[in-house]
Amino acid sequence: MNSINFALIGAAGYIAPRHMKAIKDTGNHLIAALDKNDSVGILDSYFPEAAFFTEYERFDRFVDKYHRENTKRIEYVAIASPNYLHDSHIRFALKSGAHAICEKPLVLNPHNIDQLRIIENETGKRIYNILQLRLHPSIIALKEKVAKELEKDPGKIYNIDLTYLTSRGRWYFVSWKGDETKSGGVATNIGVHFFDMLTWIFGELADNTLHLKQADTNSGFMRLKHANVRWFLSVNYDYIPLHVRESGQRTYRSITVDGEEIEFSGGFADLHTRSYEEILKGNGYGLDEAYGSIGIVSELRQLPALGLTGEYHPFCKQVING
């Protein structure tokens, strides 16, 4: 099989190595990479020959020149840049004659998707979103189980608790991730792929409620077509259960469905590679699949926090009461 040429925007970011690995694992080449930060020694492990740029203008010029001087073009641009830049970098990819593969969240607001759809139609190029939880074996098994149960009982409503704590240091709030205008806030930055997964399995959003909104913690309640979901998301280490902290872990991830824990603590290592494999076969997730979860997190940024009222997540008590 002929190899495909890639470019990468956001090469110094946390998630970039997963894209580099996916490009390599699928037998393809990284031609050029861009990041304003130059701590990109990880390139040596994957594509030491890739051209690297710290200035967008020089990267833009390189891609344009490469297409004029080579019969084999850059066919895909992988985007792992800060969330608020995704929209612009996707536009660059398509206008450069390449498909875009973008990290979550695809964009910050649904109206951005509407505009990208126009550019997709104008250029004939596709926009793909990394929605890796849809490829996780445990999540696929859950979806299949729920689908069978709903065939027997179409009106069934599940009760779900989603808890995701991934502790971050002080750097987080100094970086773009701590700026809601750039990251979209905690619910967007660390929760959007969970919301995508839940709506993928249990149906579209019917009602959205926010209970807590702090710089490091968001919590709320979602009513989906077939589920009531209490969710709690935080980057605060202090909220991780004591037994987890005592084991030396800094992340806690839990999903219970009708009181039953869904085990998906492992199996994440190769999901980007699996995502790339599906995209390259023409089966990737595009704009339509991104719309629901982007709508949820965009709405959450506008909602008032109601505090401990209604169907709030039990972890909220330790935030309020200390």
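The model is predicted; local features need pLDDT of at least 70, side-chain atom pairs count only at pLDDT 80 or more, and totals for chains, interfaces and linings use all residues. Residues are numbered from 1 along each chain as its sequence is written, and side-chain values use heavy atoms, with hydrogens and water left out.

Helix 12 covers residues 287-300 and has 14 residues. Helices (H or I, at least four residues) and strands (E, at least two) are DSSP runs, numbered from the N terminus. From first C-alpha to last, helix 12 reaches 20 Å, close to the 20 Å expected at 1.5 Å a residue. The expected span is 1.5 Å times one less than the number of residues. Helix 12 has a kink of about 25°, centred on Ser293. The bend at a residue is the angle between axes fitted to the seven residues ending there and the seven starting there.

Ser293 is also one of the buried residues of helix 12. Buried means under 20% relative accessible area, exposed over 50%, and partly exposed in between (1.4 Å probe, protein chains only). The buried residues pack against helix 5, strand 6, helix 9, strand 8, strand 9 and strand 10.

Strand 10 (227-234) holds Asn228. Asn228 is buried, with a relative accessible area of 17%. Beyond its neighbours within four places in sequence, Asn228 is in contact (heavy atoms within 4.5 Å) with Ile157, Tyr158, Asn159, Ile160, Phe221, Met222 and Arg223.

The largest pocket has a volume of about 1100 Å³. Of the 41 residues that line this pocket, the closest to its centre are Tyr14, Ile15, Ala80, Trp176 and Lys177. Two or more lining residues come from each of helix 4, strand 7, helix 7, helix 9 and strand 11. Helix 9 gives the largest share, four residues. On a 1 Å grid over the protein atoms alone, a pocket is an open set of points where a 1.4 Å probe fits, with protein on both sides within 12 Å along at least five of seven lines; lining residues have an atom within 4 Å of a point.

Ser3 lies in the segment before strand 1 (5-9). Ser3 is buried, with a relative accessible area of 17%. Leaving aside neighbours within four places in sequence, Ser3 is in contact with Gly27, Asn28, His29 and Lys72.

Key: Points joined across faces, edges and corners; volume = space filled by probe spheres on them.
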